[in-house]
Amino acid sequence: MAAPFELNDDGVVVIIGTGAGGGVLANELAQKGVSVVALEAGGRYLPDDYINDEWESFGQLAWTDARSTSGDWRVARDFPGLPTWIVKAVGGSTVHWAGASLRFQDHEWKTATTYGNIQGASLLDWPIDGAEMAPWYDKAEKKLNVTRTNGQPGLPGNNNFKVLEAGARALGYEEVHTGRMAINSTDSQDRLMCQQTGFCFQGCKWGAKWSSAYTDIEQGEATGNLEVRTKSHAARILHDDTGKVTGVEYFDADGNLQMQAARIVCVAGNSIESPRLLLNSASSMFPDGLANSSGQVGRNYMRHTTGSVYGVFDKPVRMWRGTTMAGIVQDEARHDPSRGFVGGFELETVSVGLPFAAAFLDPGSWGREFTSALDSYENMAGMWIVGEDMPQETNRITLNTELLDQHGLPAADVHYDDHPNDVAMRNYAYDRGSAIYEAVGATRVLPTPPYPSTHNLGTNRMSENPRDGVVNKHGQSHDIANLFVSDGSQFTTGAAENPTLTIVALAIRQAEFISGAMSRGEI
Amino acid sequence: MRQKASNRDLTRRQLLSRASAAGASFVIGAGFIAAPDAAWAAETEHLAPETFATLVQMARDIYPHDRVSDAFYVIAVKGYDTAEAAPGIEAGIAALDGAAQGRGHARYLAVGWERDRVDLLRAIEEGAFFQQIRAGLVTGLYNQKAIWPLFGYEGESFSQGGYIDRGFNDINWL
Ligand SMILES: Cc1cc2nc3c(=O)[nH]c(=O)nc-3n(C[C@H](O)[C@H](O)[C@H](O)COP(=O)(O)OP(=O)(O)OC[C@H]3O[C@@H](n4cnc5c(N)ncnc54)[C@H](O)[C@@H]3O)c2cc1C
Ligand code: SF4
C-alpha cells in the first residue's frame with residue numbers, strides 16, 4: 001500500500017524524480033523506515049504497457065516538454081527542440097535504458113590529477129575514489145543483478161555481437177564479451193531471464209531488464225513508507241529565512257499548484273531538469289538559484305563523446321534480434337594519450353529498428369547515398385561509442401525565458417560545444433569501429449553522428465571545495481544542509497563508462513548518509 | 001488504480017499466451033492500410049491531381065527505394081491533401097515546376113532522369129517547403145508497418161516470444 005502523507009507533513013523527505021537516482025534513493029530510504037514522498041512528472045507504465053514499436057513507445061515515454069539547444073554540437077542542428085532522449089515516467093530513463101552496467105576505472109575518479117591541465121576543460125578530481133565506492137558498487141551490482149557479477153553468467157551473444165566480436169578479435173582486441181548487463185541472464189529476483197526480444201530501449205515487456213519502475217519503486221511502496229505522486233511536476237523549492245529548504249511547490253495531475261512540506265529535499269530530475277529546478281527556485285535570498293553560491297549550477301554539462309558506426313555486409317546480420325547492447329569491446333577504455341586524446345572509450349553493440357534508423361542514421365540527409373544504406377538495413381551491424389567527454393564551464397543548462405513549458409516555467413536551454421579532445425576521440429573511435437567491421441568484410445561503413453543525449457551528466461557537480469562545485473561527497477549541497485542532489489548531475493567528470501551503475505551506487509550510499517544524519521538529528 | 005508489474009510473477013508460457021491474445025492488434029497495427037491500393041489512395045480532394053502526382057515523385061526522389069512501390073509514397077504524402085495544407089503544397093510544387101521550366105523542361109514530372117530532378121531539389125533543400133516534405137517522410141514513409149518487410153525488418157516480437165527460439169544468434173557466415 002502506498003502511504004499517503006499530508007501536504008503539511010514536514011517530517012518527510014521529498015524526492016523529485018523516480019529514475020536511477022531518485023527511484024533507488026526512495027526505496028533505500030523507505031527500507032530504513034524514512035517517510036518519503038516522491039514527486040514524478042510522468043505517469044506510471046509497467047511491462048504490460050510497454051510498446052514494441054519505436055515511435056509509439058517514444059510517444060508514451062519520452063520527455064518532450066519544451067527545451068532549446070545552442071552550441072556547435074550537431075544535435076543542435078539536427079534536433080533543435082530535442083537535446084536529449086530521456087524518459088518522463090515513473091522509473092525515469094531506466095525504462096528506456098539498455099542496461100550496460102560498468103564501474104568507473106580507478107583513475108577516472110581523479111582526472112585532473114591523471115590527465116593534467118587540458119586547455120578549455122574544467123577537469124576536477126572527484127572527492128571520492130574507487131576504494132571508497134567499491135562496497136557501494138557491490139551493492140549496486142547485486143540490486144541490478146548485473147551479469148558477470150555475483151555468479152550471474154553473461155548473456156548469450158546475438159548476431160550483432162558475433163559480428164562485433166569477430167571483427168574485434170581479428171584486430172587483436174582482447175576484452176570482448178557480452179557485457180555487464182542489468183538484464184537477467186537467469187530467472188532470478190522474481191524476474192524472467194532475457195527473451196531476446198530486442199526492444200530494450202522501449203521498456204522490457206518481460207521485466208528481464210532492471211528498471212526502478214517495477215523493482216525499487218514497488219519495493220519501497222510495499223514498506224508503507226513511500227508515496228509516489230505521478231504527474232506531479234516540481235516547479236520550485238521553497239526555503240525559510242535561515243536558508244533551509246522547507247518544501248516543494250508542484251503542479252499536480254490536474255495542473256493545480258500544490259505545496260508539499262519537507263524535512264529534506266532531494267533533487268533527482270536528470271541533469272537537465274535538476275539544475276533547471278534549482279535555477280527556477282531563485283529567491284531574494286538566493287538570487288542566482290538555490291545551492292548556487294559557486295555559480296556552478298548548470299555548468300559542466302557532459303553527455304559522453306558518443307557516435308555510432310554501422311557496417312553494411314554482403315549477407316544478413318539482423319542486428320535488431322536480441323539484446324540491444326549486450327556486447328562490448330573494452331580495450332580502448334584505458335587512458336593512453338599516445339592516441340591523441342586523454343581518457344578512453346567503450347565500444348558497445350547497438351541496434352535501432354528501421355524507423356529510428358531512418359531518423360538517426362544521418363539526420364537530414366536524403367537521396368541515394370542515404371537510401372541505399374537503408375536498403376541494406378537487414379545486412380547491417382551497429383556499435384555505439386561511449387567515451388569520456390571534457391567538462392567545460394560554458395557547456396551548460398540555462399533558463400530560456402523566451403520559451404515556457406506547459407506550466408509557464410522557463411524551459412532549459414542546453415548548450416554544448418565539442419571540446420577538441422572530444423572530436424579527436426570520436427574520430428579515432430570512428431576509425432577503430434570502421435576497422436572492426438572491415439576486418440569481417442564490411443562493404444560500407446557509416447560513421448553516424450551522436451543522437452540526442454541519453455547520458456546527461458555533471459550539471460550540479462560534486463567537489464571537495466564549495467567554490468568548485470554544487471554538492472559535497474555525499475551529494476549534499478554545499479550551501480544548504482537539507483538539500484541534496486541524487487542523480488547523474490552530481491558527476492564531477494563522466495568517465496568512459498555508461499553512468500547508471502554509478503548513479504545507483506551513489507544513491508545507495510547517499511541513503512545511508514541521509515538516514516544516519518537524520519537519526520543523529522543533524523538534518 | 002495502479003497496475004501491478006505482473007510480468008514478474010508469471011512464467012514465460014503464461015505471458016506468451018496472453019500476448020498472442022492481444023497479438024492481432026500488435027501485428028497488424030492501427031492506422032495503416034495493409035495492401036494499399038494506389039489508385040484509390042491517389043484520388044485527391046484538395047490538391048490538383050498533377051500536383052499530387054508531382055509530390056509523390058518528389059517524395060520518391062528524396063528517399064528513393066526502387067523496391068518500394070508508389071503506393072507507400074502516396075500514403076506518406078496523403079496527409080497534405082487537406083484544405084489547410086493544400087495551398088502551401090500547390091505553391092511549393094508550382095515553384096518546383098517553374099525551376100524545371102527554367103532548365104528547359106515542361107515541368108518537374110517531365111524531367112526524365114532522377115539526377116536532373118535531384119539537382120532541382122538540391123537547389124531548394126534549405127527551404128521550408130523541401131524541409132517540410134523531407135521531415136514528414138521520415139515518419140510518413142518509414143513508419144508504415146507494411147513497408148518494413150521490404151527492408152527485412154521484423155517489427156514487434158514480444159507476442160512471438162522474442163527471438164530466443166527464433167534466430168537471435170543464427171548468423172552463419174562469419
Ligand atoms: C535509450 C537509452 C539507453 C540507455 N542505456 C544505458 C545503459 O545501457 N547504461 C547506462 O548506464 N545508462 C544508460 N542510459 C542512461 C540512463 O538511463 C541514465 O543515465 C539514468 O537513468 C539517469 O538517471 P537520473 O536519475 O539522473 O535521471 P532519470 O533516470 O532520467 O530520472 C529523472 C526523473 O525525474 C523526473 N523529473 C524531471 N524533472 C522533474 C520535475 N520537475 N518534477 C518531477 N519529476 C521530474 C523525470 O520524469 C524522470 O522520471 C540510457 C538512456 C537512454 C535514454
Ligand atoms: S532483449 Fe531482453 S532485456 Fe531487452 S527487452 Fe527483450 S527481454 Fe528485455
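Predicted model: local features only at pLDDT ≥ 70, side-chain atom pairs only at ≥ 80, totals over all residues.
Ligand 1 is considered first. A shell of 39 residues surrounds this ligand, and the closest of them are A:Glu40, A:Trp85, A:Ser93, A:Asn270 and A:Thr500. When these 39 residues are sorted by class, the shell around ligand 1 holds 17 nonpolar, 18 polar and 4 charged residues. Polar atoms of the protein backbone also lie beside the ligand. A nitrogen atom of ligand 1 is placed 2.9 Å from a polar backbone atom of A:Ala98. An oxygen atom of the ligand lies 3.0 Å from a polar backbone atom of A:Ala89, and for A:Gly99 the corresponding distance from an oxygen atom of ligand 1 to a polar backbone atom is 3.1 Å. On its own, ligand 1 has 990 Å² of accessible area, of which the protein covers 98%. Several elements of chain A give two or more residues each to the shell: helix 1 (20–31), strand 6 (233–239), helix 8 (270–280) and helix 12 (500–519).

Ligand 2 has its own set of neighbours in chain A. The residues around this ligand include A:Cys194, A:Gln195, A:Gln196, A:Thr197, A:Gly198, A:Phe199 and A:Cys200. A:Ile183, A:Cys204, A:Trp206, A:Lys209 and A:Thr323 also belong to the surroundings of ligand 2. By class, this shell consists of 6 nonpolar, 5 polar and 1 charged residues.

The largest pocket holds about 500 Å³ of space. Its lining is formed by 26 residues, and the closest to the centre of the pocket are A:Asp78, A:Pro363, A:Gly364, B:Gln131 and B:Arg134. At least two lining residues each come from helix 2 (54–61), helix 3 (74–78) and helix 9 (354–360) of chain A, and from helix 8 (128–140) of chain B. Helix 8 of chain B gives the most to this lining, with 5 residues. By class, the lining of the largest pocket is made up of 14 nonpolar, 4 polar and 8 charged residues.

Conventions
Residues numbered from 1 in each chain as written. Chains lettered and ligands numbered in written order. Heavy atoms only, no water. Near = heavy atom within 4 Å. Polar contact = N/O pair within 3.5 Å; in protein donor to acceptor, adjacent residues only side chain to side chain. Areas by Shrake-Rupley, 256 points an atom, 1.4 Å probe, with all protein chains shown as cover. Helix = DSSP H or I, 4+ residues; strand = E, 2+ residues; numbered from the N terminus. Nonpolar A, V, L, I, M, F, W, Y, C, P; charged D, E, K, R; others polar. 1 Å grid on protein atoms, 1.4 Å probe; cavity = no way out; pocket = protein on both sides within 12 Å on 5 of 7 lines; lining within 4 Å. Points joined across faces, edges and corners; volume = space filled by probe spheres on them.
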